[in-house]
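Welcome! Let's take a friendly walk through the pockets of a protein, and then stop at a few of its residues.

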Amino acid sequence: MSAAAEQAVEPVAGSGGHGDLPATGKLDRFQYDDAIVRAFLAITVVWGVVAFLVGLIAAIQLAHPQLNLGLPYITFGRLRPLHTNAAIFAFAGNAIFAGIYHSTQRLCKARMFSKVLSWIHFFGWQGIIVAAAVTLPLGFTQGKEYAELEWPIDIAIALVWVVFAINFFGTIATRRERHMYVALWFYIATLVTIAMLHIFNSLSLPAGPLKSYTIYAGVQDAFMQWWYGHNAVGFFLTTPFLGLMYYYLPKAAERPVFSYRLSIVHFWSLIFIYIWAGPHHLHYTATPEWASTLGMLFSVMLWMPSWGGMVNGLLTLRGAWHKVTRDPVLKFFVVGITFYGMSTFEGPLLSVKSVNALSHYTDWTIAHVHAGALGWVGSMVFGVMYWLLPRVYQTGLWSPKLANMHFWFNTVGLVVYIAPIYVAGLTQGLMWRDIDESGQLTYEFVETVNVLIPMYWLRVIGGAIYLGGGVIGLLNLIMTWKARPTTYDNVIIEAAPLARTFQDPPRPTSRVGTQAVLNTAHGFDVWLQGWWHRRWERLPLRFTVWVAITVVVASLFEIIPTFLIKSNVPTIATVKPYTPLELAGRDIYLAEGCYNCHSQQIRPILAETKRYGEYSKPGEFVYDHPHQWGSRRIGPDLAREGKINPTPIWHLRHFENPEEYTPGSIMPTYSWLLTSPLNFDVIPQRMTAMQTLGVPYTDEEIEQGIQLAREQAESIAHEIEKADGTTGMADKQVVALIAYLQRLGTDIYATAEPEPAAEEPVAATPGEESPQEPTVSAAMPRSH
């Protein structure tokens, strides 16, 4: 059967519902819009190859940092956000849109609501990706992981998402199939939740055309960041691809979904539990312990619905496993669903505190993320791609052999990539915490880095193989496109319009008796049959409202206490706002992407306090917009850098040539910081933005911001000149960054300024000394 003929008779993979014939028996005639599907599908593979290539370059730099050739635009710190944004929003995002635009039309028996909105969505989204590709290497970033893009691009994302939502829900409203199939449930959850996550995480105050500061600070910002970060994975890289699985896997296998009831349990339990789990990323940090514990508990519970989806997917292949051996589409789907099961088992495991204490900040997390992103998402994308190619281009796949080769490149490259990174992560965690018989740390930090270099090269090999698979897929797509017919066959679809009125079928009775459904003895048996849910499937507005309630309520239970209970963030009297020059240096720290390699959070773990100093307190970060706690340590933690390396000349030479001071370091050179001029003129505007956010700068300090910054810069430059004769540094970016690093961690060791006493103080007992512990306004978090 030709692709066009198959499209004309393609059955709706519904949940048992059917369209309602009107009294006249008249059928509507329409055509599906596959042009928009072809556009999103093609650009998916193009951006995928770009994302894989950027990731490969970044991976090589970990093993050989000199590859950046001394250029600021292609350092690891700037390329990593570009790689993650390209992989998530360009590769996965466009794949989601291609699959949703194709499957929604078939499931609704309706053309997309608006062709104009479809193309606004397409070009708007590509514009966002291009903007990210330009701004991130140039250093324009908010410094928030997975949400680095600056405020104009954030606004564009929100607007384009609204266009997508109008088009999607408009199609639902004009559908000719009354029941909404399970795939549509997951699409609805994605649309609703991503909108909520993006809007609240991106709330920021502009401080220039491409500069802004998040409205959240310190602990609250960390909480919001991982509420967003974890759930962005859940609702951008999980729920939409589960929707695609529920549609395309039965199509490819020519088998119905294994269990409709299991899909109901899977859906509602997943979206409710997932939204709670974000704080498990913050174990042993300065966040309240109740929040991370709650996140851990829900993360462990998340294993059950996740595996429910995996089981439902794999058992859909019952009776069709013989097809897997010869169909590359099913091969990709099987590997993808298997990696989904592995990742959703490992995620809850990593959320357990004792495991997290070992794994956090190590490459174990990187391996876990790539197992999900490349194993689950990547495999599903390519499976959907190979299923769609002959159908949307109305011709045979150019080379099934190359498709099979692509599958093996995909699978082997993935295994070769993640296996050594798992080993690297375990090695890091064990070496960091190793203490010898004398109670001292066994390894210097740089030793724990150098031992990983062979594993980093293996990672490069795996990434190159995976990239090769992406190139094969792109070649197959291009050649299939070239073989397309001169004119596409515009197939006419006939379907009955949806009747305006619908009589609900009678409520079923229990299978174990004749009692009514509401009878307590047997009603639950009928409830389990999903009668109530089938009714919701005919009511998209009610369904969407309940999805929104589910994710909003779960979020508020965590967010409200974190923001309103002051004891969650006890203040420290000695913590003061950054000076104007330190604020400028912090902005440079963000622009260079230093948070991609360094953390600023010392956990109350013996090995960490021995290596870095006093563990981090919540009150230290009250002026940090955004927080810079990081999630990985390719370099050492910097939370106490001002105490560990207070000398300006050390930092200057370290930026110029890291190996000079730390032999074996894989930090790239930042020599351009020694020659790039510092823009003093923007400092007052940025201080004003911080003042608006609650940082206690006075109007006088803002007016004198440039002068104060120059004075501190001259002081640092004088120390550098005094140390080795280097001159001309007072107006360079490096002095601002040095000022910021010299400040880190010093406040808690300072002595609080005494407040005017209302009466004579009580004299201290002779011989008694004043405590030198940091002054706090509430009890410090307990040590672990």
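How many nonpolar, polar and charged residues does the lining of the second largest pocket have? Sorted by class, there are 15 nonpolar, seven polar and six charged residues. Keep in mind as you look around that this is a predicted model.

How do we look for empty space in a protein? Rolling a probe the size of a water molecule over the atoms shows where empty space is left.

| Pocket | Volume | Top contributor to the lining |
|---|---|---|
| Largest | about 930 Å³ | α24, four residues |

Let's begin with the largest pocket. Its lining is made up of 40 residues, and F445, H598, G635, P636 and H654 are the ones nearest its centre. By class, 25 of the lining residues are nonpolar, ten are polar and five are charged. Several helices supply at least two residues each, among them α2 (35-63), α3 (76-108), α16 (445-450) and α24 (648-656). Where does the largest pocket lie? Domain 1 (28-482) and domain 2 (580-749) both contribute to the lining, so the pocket lies between them.

Now for the second largest pocket. It is lined by 28 residues, with F140, I588, A591, R686 and Q733 nearest its centre. Two or more lining residues come from each of β2 (204-208), α21 (580-591) and α26 (683-692). Domain 1 and domain 2 each provide at least three residues of this lining.

**A serine in a loop**

Next, find S259 in the loop that runs between α8 (239-253) and α9 (260-274). Is S259 buried or exposed? Its relative accessibility is 16%, and buried means under 20%, so S259 counts as buried. A polar atom of the S259 side chain lies 3.0 Å from the backbone nitrogen of L262.

**Looking at the cysteines**

How many disulfides does a search of the whole structure find? The search gives zero. Take C597 as an example: the closest cysteine sulfur, in C594, is 7.8 Å from the sulfur of C597. A disulfide needs the two sulfur atoms within 2.5 Å, so this pair is too far apart for a bond. C597 is buried, with a relative accessible area of 17%. Another cysteine, C108, is also buried, and its relative accessible area is 0%.

Notes: Residues are numbered from 1 along each chain as its sequence is written. This is a predicted model: local features need pLDDT of at least 70, side-chain atom pairs count only at pLDDT 80 or more; totals for chains, interfaces and linings use all residues. Side-chain values use heavy atoms; hydrogens and water are left out. On a 1 Å grid over the protein atoms alone, a cavity is a set of points where a 1.4 Å probe fits but cannot get out, and a pocket is an open set with protein on both sides within 12 Å along at least five of seven lines; lining residues have an atom within 4 Å of a point. Grid points are joined across faces, edges and corners, and a volume is the space filled by probe spheres set on the points. Ala, Val, Leu, Ile, Met, Phe, Trp, Tyr, Cys and Pro count as nonpolar, Asp, Glu, Lys and Arg as charged, and the others, Gly among them, as polar. Domain bounds come from an automatic or database domain assignment. Buried means under 20% relative accessible area, exposed over 50%, partly exposed in between (1.4 Å probe, protein chains only). A polar contact is a pair of N or O atoms within 3.5 Å; within protein, one must be able to donate a hydrogen and the other to accept it, and residues adjacent in sequence count only if both atoms are side-chain atoms.
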